[in-house]
Structures are given as C-alpha cells and as structure tokens.
Amino acid sequence: MVPENYSRITEFLLMGFSEEPERQPLIFGLFLSMYLITMFGNLLIILAVSSDSHLHTPMYFFLSNLSLVDICFTSTTVPKMLVNIQTQSQVITYKGCITQMYFFLLFSGLDDSLLTVMAYDRFVAICHPLRYTVIMNLRLCGLLLLVSWITSALYSLLQSLTVLRLSFCTVLKIPHFFFELACSDTFLNNMMMYFSIGFLAALPLTGILYSYVKIVSCICGMSSAQGKYKAFSTCASHLSVVSLFYCTILGVYLSSASPHSTHSSAVASVMYTVVTPMLNPFIYSLKNKEIKGALRRFCAMAAIKGTTVLGLKSSL
C-alpha cells in the first residue's frame, strides 16, 4: 500500500498519557500546577537578576536567559496539552505539529547551548579569576548568546524542513502529549537526527566535561580548604542542573529505543520537558545566597510599592 503523502494529512491525534476520562482532571491539575510553578519560579529569577545591580554579572546574565528559555521550552507543549484535556479534543493540525516541533527543538537546543556557555563562565571564574572581568566582557557574553540562538535556530529549521518530505500512514494517533514523527520511511530523518545529536548534544557535553575537568584540576591545586569549598560551591548548582538535564535526555532516548515503551517514553519526556525547567529555579536559589538576597529585596520592594499604591488609593 502506498502511504498517504503529508499534504493529505491535516490533523493528528495526541493521545497523551491516558484515555480514561476519570484520570483527566488529575492529569490536568498536575500539569497545570507544574506549569504555573515553572512560570512563577523562572520569572522570579529573571526579575531578581534584572532588578538587582549586584547580579549584573555574566553568570547571572546567562542564568536569566536560561530561565527565559525554560519558560518558552515548557510553553511549547504544556499549554496545548492542557487545552486538549479541557476541551476533550486530542486534535493537533499538521501545521501545528511542525510549529511545535520547530520551537521545541529551538528551545531545547538553547538550553543545551546555554548550559555549555555557563560551564565556560565557571571555568574562567575559577581558573582565571584575575582575568575574569576582562575575558567575560559584555561583548563576549552577547556574542556567545547570539551564537547559541543562531545554531539552535538553524538546527531546528533543518529538522523541520526534513520532516516536510516525510509521508505518513493512515494511522494518525500519536501516543504522546506532544508531536513526534509518525510512521513513515524516516531513514534520512534518523540519520539527520543522529548527526545533529552528535553535533548539538555531544559537542556541548564535551565542552562542559572539559570545563569541569579543568575546574576540578584547579580546585585540587588550591591549598586552602575554604578556597576549595568556595570554588566548588560556585559551580555546584550548575553541575546539578547539567546532570538533571542530560540524565533526563538519556532517559528519553533509552525509553524510545524500545519498541514497546510508549508509556515510559512519555514519562521520560515529562521529566525532560516539564520537571527539569520547574526544578531549575529551586536548584539555583536554594543554596545561592546572592539569589536569595536578591529575591528578598525584590519581594520587599514589591511589597513597599504595593503598600504605597494602596495608601494613595485610600487617601483619594
């Protein structure tokens, strides 16, 4: 049988985690809560960094951009799933699939790139502290961010254009909560995917590992125990986020490699697309005195402004 061409396909069905109606309210509430926590936590990080002059450093510049990317990354999948549950409709259009895939790949690539840039920032800060402000100047920070956006955009565009040549079978049900490739001859796409993974995942990971090898070597060469602890504490949060990010990616690919792992693949994808962006603000703020101090000052300033506004309204 000759498979139907994608031009005849206008809709797909995203089956999600469960088709049982009694479970839908629980799934809706769970994902809505995680999405709101993700938005609120990452938005607080952005506001704290932008409002506090003490945090106008390369490290927090990249952290605020990472928070922005995490908000966008989660927003590519979760709102659509919540709408589908609320409207009891599992339909996503073909154009919606391609659009979702483009932005999903864009922001996941940006996550990867920013984590690599942040590892380089920690490397310079710990191994070359006297030259840190000279090396990590505003121009270089802007250039690193621009390169991250360009490479991620080109990668996602290339993947999206490659999907356009695919044909799809008549079975249009996708057992997932966001769009993935349906049945088709995906040999070229698989080759492109493995190449791009090698270039845009293994290469950044190599950069991160290289940076941390140098950091560990530098820390081991320090004579002061207090200096070692301070140096390690500055990169502990980033190392935790990197470990969580790559472990969840590994879980997604290991679960998708099995032919009978639809549910486990969906769960692994949730860890990657929802849980990781939700936990990042907590990881960076719980043991970071500068972030906690900035958040307290921001909340205090917001409370004072709110009290002032209420006082003015009452006086009128």
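Biologist: What volume does the largest cavity have?
Modeller: In this predicted model, the largest cavity has a volume of about 40 Å³. A cavity here is a set of points on a 1 Å grid over the protein atoms alone where a 1.4 Å probe fits but cannot get out, with lining residues having an atom within 4 Å of a point. Points are joined across faces, edges and corners, and the volume is the space filled by probe spheres set on them.

Biologist: Which residues line the largest cavity?
Modeller: Met59, Met118, Asp121, Arg122, His238 and Tyr284. H4 gives the largest share of that lining, 3 residues; helices are DSSP runs of H or I, at least four residues, and strands are runs of E, at least two, numbered from the N terminus.

Biologist: And the second largest pocket, what volume has that?
Modeller: About 890 Å³. A pocket is an open set with protein on both sides within 12 Å along at least five of seven lines. Its lining has 27 residues, with Met59, Lys230, Ser233, Thr234 and Asn288 nearest the centre. H8 supplies the largest share, 10 residues.

Biologist: Switching to rings: how many aromatic pairs are there?
Modeller: The count is 7 aromatic pairs. Rings of Phe, Tyr and Trp (its six-membered ring) pair if their centres lie within 6.5 Å; planes under 30 degrees apart are stacked, over 60 edge-to-face, and the rest tilted. Phe107 and Trp149 have ring centres 6.4 Å apart and planes at 85°, so they are edge-to-face. That pair links distant parts of the chain, with Phe107 in helix H4 and Trp149 in helix H6, 42 residues apart.

Biologist: Is Phe107 buried or exposed?
Modeller: Phe107 is buried, at 8% relative accessibility, while Trp149, at 34%, is partly exposed. Buried means under 20% relative accessible area, exposed over 50%, and partly exposed in between, using a 1.4 Å probe and protein chains only. Tyr102, Phe103, Phe107 and Trp149 form one aromatic cluster.

Biologist: Good. Where is confidence lowest, and where highest?
Modeller: Strand S1 (residues 4-5) is lowest, at a mean pLDDT of 42, and helix H2 (residues 58-75) is highest, at 94. pLDDT is the predictor's confidence in each residue, from 0 to 100. The protein's mean is 78, and 72% of its residues reach 70 or more.

Methods
Residues numbered from 1 in each chain as written. Predicted model: local features only at pLDDT ≥ 70, side-chain atom pairs only at ≥ 80, totals over all residues. Heavy atoms only, no water.
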